[in-house]
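Reader: I have a structure to study. Please take me through it in short steps.

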Amino acid sequence: LMWFFFLCPNLWAMPVQEYSSERLKKTNELLRGIKLLKLYAWEHIFRDSVEETRGKELTSLQAFALYTSISSMIPCNL
């Protein structure tokens with residue numbers, strides 16, 4: 001159990017980083033093509049995509065926060 005909490009923090013942080021970079025990529029794409037989005041009224045499609053990615057990011061952030069709080073409560077002196 002100690003191995004799981006102290007030696008595997010990257011297992012929890014990696015999804016957070018992936019979702020954050022995916023959301024930033026979608027947001028940058030949206031901002032680069034804002035004229036086309038407005039011209040063809042595609043804002044809602046891209047907004048939904050960014051919001052879906054943000055939801056995944058928040059879920060993984062909550063899991064990481066839970067992992068961090070649990071691992072900080074476990075005593076380190078064995």
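Author: Start with a term: buried means under 20% relative accessible area, exposed over 50%, and partly exposed in between (1.4 Å probe, protein chains only). The model is predicted, so local features need pLDDT of at least 70, side-chain atom pairs count only at pLDDT 80 or more, and totals for chains, interfaces and linings use all residues. Residues are numbered from 1 along each chain as its sequence is written, and side-chain values use heavy atoms, with hydrogens and water left out.

Reader: Is Ala41 buried, exposed or partly exposed?
Author: Ala41 sits in the loop between helix H3 (34-40) and H4. Helices here are DSSP runs (H or I, at least four residues), numbered from the N terminus. The relative accessible area of Ala41 is 42%, so Ala41 is partly exposed.

Reader: Thr53 is in H4. Is Thr53 buried or exposed?
Author: Contact means heavy atoms within 4.5 Å. Not counting residues up to four places away in sequence, Thr53 touches Tyr19, Glu22, Arg23 and Lys26. Its relative accessibility is 2%, so Thr53 counts as buried.

Reader: Which residue forms a salt bridge with Arg23?
Author: A salt bridge is a side-chain nitrogen of Lys or Arg within 4 Å of a carboxyl oxygen of Asp or Glu. For Arg23, the closest N and O atoms of the bridge are 2.5 Å apart. The partner is Glu57.

Reader: How many residues apart in sequence are the parts that Arg23 and Glu57 tie together?
Author: Glu57 is buried, because its relative accessible area is 3%. Arg23 is partly exposed at 21%. Arg23 lies in helix H2 and Glu57 in helix H4, so the pair ties together parts that are 34 residues apart in sequence.

Reader: Which residue meets Glu22 in a salt bridge?
Author: Glu22 is partly exposed at 28% relative accessibility. An α-helix has 3.6 residues a turn, so residues three or four places apart point the same way. The N to O distance is 3.5 Å, and the partner is Lys26.

Methods: Helices (H or I, at least four residues) and strands (E, at least two) are DSSP runs, numbered from the N terminus.
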